[in-house]
Structure formats: C-alpha cells, structure tokens
Amino acid sequence: MTQIVPGTIEGEHEAPLREGAPASDGRGAERGERRGIQSIEVGGALLQALVRHGTPMMLRDLAREAGMPPAKAHPYLVSFGKLGLIEQDAATGRYGLGPFSLHMGLAALHGLDPLKATLAEVPKLADDIQLNIAVAVWGNLGPTVVHIEECSTQIHINMRPGTVMTPLLLSATGRCFAAFLPQRVVRPIIDEEIARFAAVPVSTLPVTQQAVDELLDEVREHRLARALGNPIPGINAFSVPVFNHSGGIALALTAMGPSGTFDVEWQGTTASRLRDCAESIARRLGVADGDTPGR
C-alpha cells in the first residue's frame with residue numbers, strides 16, 4: 001500500500017486503517033503501523049466482491065457482498081466507473097469489472113516472476129519438513145534444477161543446480177513435468193524412452209504405454225509425483241507442480257530425503273505441506289483459490 005503524506009493534496013487527510021479505530025497518538029511510525037485512506041479501503045471491498053463473484057452483479061447483491069448498504073455503495077461505483085474500474089450494463093443494470101481493471105491485471109501478470117515468488121517460499125518449507133527442496137523448470141534438455149534449498153538437517157544428495165532430470169519417467173521431477181506439460185511437448189520424449197528402455201529394461205521404469213499412462217494418471221490424481229529410491233538410491237522424493245495464471249506448469253518443487261525417514265504417504269505431512277506451498281506460490285502467480293489444475 002502506498003503511504004500518503006498528510007497535506008500533500010488539498011482536502012485529503014489520513015484516516016485509520018480500520019473503520020472505528022482510535023486516532024493515532026503520534027507514535028504510530030515508531031510502532032511500525034501504517035495508515036491509509038479509509039474511503040479507498042471501504043470502496044475496495046466492492047472491487048473485491050466482484051472479483052470473488054466472477055460475474056456482473058446487481059447493486060443490492062454487490063453491496064450486500066461488500067457489507068454495506070446500496071446507498072453507500074452507489075457513489076463508489078460511480079467514481080470507479082469514471083476510472084474504468086467498473087462498468088454498468090445498460091440493459092441489465094448489473095455492475096462488472098471495467099477495462100482498466102483488465103489492464104491492471106494484465107500489467108500485474110506480466111510483471112510476475114515465478115522463480116522469484118518461489119524462492120521467497122522454499123526456505124520455510126525446507127525447514128518445516130526438514131527435507132531438501134529442488135526447484136526445477138522446463139529447459140531445452142528437459143526438467144532442469146535451478147535452485148536447491150537445503151534444510152537445517154544435513155542431507156547429502158548428489159544434485160546441484162544445472163542437473164537435468166532425465167529420463168523423464170525415472171525421477172519424481174521428470175514425472176511431474178511429464179504429467180502436467182502439454183502432451184505434444186512430452187509425448188515424443190516419453191515414446192522415445194519407452195522404446196529405449198523396452199530394449200534394455202530397467203526395473204524402476206515403466207516400459208509399456210499402459211504402464212506409463214497409469215503412472216501419469218496417478219500423478220494427476222494426487223497432484224504429486226513420487227519416486228522411491230530413484231534416480232538416487234536411498235533417496236525418496238515427492239514433486240509438486242506450481243501452476244501459473246493460464247493453467248500451465250511454471251515449475252516444480254521436489255522434496256528429497258533419506259528413504260528411512262521420508263514420509264511416502266500421498267496424504268502425509270510431507271505431501272500436504274508440499275502441495276500447500278505450491279498453492280501459495282500459485283496464488284502469487286494469479287491462480288484463484290479452487291482453480292488449481294489437477295484438483
């Protein structure tokens with residue numbers, strides 16, 4: 001929130017952040033408190049209500065959703081309409097988000113950096129579940145590790161940034177991308193792996209189309225990929241997709257740890273915390289609650 005300096009605009013004044021809050025005693029800055037324009041926050045509830053509802057609304061319904069009487073809501077809607085934040089359908093009388101709201105949203109989305117948003121979250125996750133977390137993106141050669149966040153417990157895993165997680169079907173990270181990337185991207189790679197390993201079988205890899213389909217369906221069902229003891233013997237891993245606002249996989253988070261202490265349950269603590277972190281990052285990338293693909 002931008003801090004407003006009192007007296008810089010004629011007729012404007014600072015108001016407490018919460019309606020009905022006591023006036024400042026002058027020590028707010030010392031306590032780290034921040035104040036803003038109360039009327040903006042009150043009117044903002046109308047915009048938030050429209051975003052939550054997702055479709056145009058009648059005045060009475062919109063006002064009720066925002067927690068105010070229609071007579072109080074109407075002047076805000078008039079001002080928002082002048083700014084292009086809201087527009088009213090002349091035929092139905094319903095209010096919806098206006099063109100400037102769209103431009104604001106697009107500008108915010110264009111400025112998003114998935115990796116930056118992720119790196120702000122993974123240190124807490126690593127310490128929370130006491131496992132190392134690898135962050136991987138889809139590169140020219142396949143799933144590529146770009147960051148490894150080590151937890152406070154010493155876990156020795158032979159992996160570093162730049163590692164390419166291939167074959168796709170061998171690792172949790174590769175399986176995650178194989179399940180959630182568009183099939184036109186990964187299917188040729190998967191078909192090549194099936195042909196290669198059918199000739200030289202590897203016990204930890206599926207070598208038939210049916211086995212691959214069942215494996216990837218399992219990943220989609222749980223919104224999580226799992227690999228036990230491969231590609232690194234003695235190390236288990238869960239990998240979760242982080243989706244962007246358009247529904248595509250932006251990157252994957254992979255939790256790794258010793259097989260003896262790793263919780264391998266699909267609904268266990270490790271799996272749940274990993275999914276929660278991925279959803280938190282996805283929200284920062286513009287994914288609305290409940291819209292996460294794979295649910």
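1. Two strands are taken to pair if DSSP finds at least two bridges between them, and strands (E, at least two residues) and helices (H or I, at least four) are DSSP runs numbered from the N terminus. On that basis, strand 6 and strand 7 form a hairpin with 5 residues between them, and Gly 247 in the turn has a positive phi of about 90 degrees. These two strands run antiparallel and are joined by 9 bridges, one of which pairs Ser 239 with Thr 254 in strand 7.

2. This is a predicted model, in which local features need pLDDT of at least 70 and side-chain atom pairs count only at pLDDT 80 or more, while totals for chains, interfaces and linings use all residues. Residues are numbered from 1 along each chain as its sequence is written, and side-chain values use heavy atoms, with hydrogens and water left out.

3. The mean pLDDT (the predictor's confidence in each residue, from 0 to 100) of the protein chain is 83, and 82% of its residues reach 70 or more. Confidence is highest in helix 7 (residues 172-180), at a mean of 97, and lowest in helix 4 (residues 99-110), at 69. Over residues 1-31 the pLDDT stays under 50, and for this stretch the model has 30 contacts (heavy atoms within 4.5 Å) beyond four places in sequence.

4. Strand 3 (residues 132-139) pairs with strand 7 in the antiparallel sense over 5 bridges, and Asn 132 has Met 256 as its bridge partner in strand 7. Strand 3 is also joined to strand 4 by 7 bridges, again antiparallel, with Ala 136 partnered by Val 145.

5. In helix 9, the buried residues are Val 212, Leu 215, Leu 216, Val 219 and His 222. Seen down the axis, they fall within an arc of 135 degrees (taken from the directions from the helix axis to the C-beta atoms), so they line one face of helix 9. They pack against helix 7, helix 8 (183-199), strand 5 and helix 10 (269-284), whereas Gln 210 and Glu 221, on the other side of helix 9, are exposed.

6. Helix 3 (residues 70-83) has Ala 73, Leu 77 and Phe 80 as its buried residues. These cover an arc of only 65 degrees around the axis, which puts them on the same side of helix 3. Ala 71 and Lys 82 are exposed on the face turned away from that buried side, and Gly 84, which follows helix 3, has a positive phi near 85 degrees.

Conventions: Buried means under 20% relative accessible area, exposed over 50%, partly exposed in between (1.4 Å probe, protein chains only).
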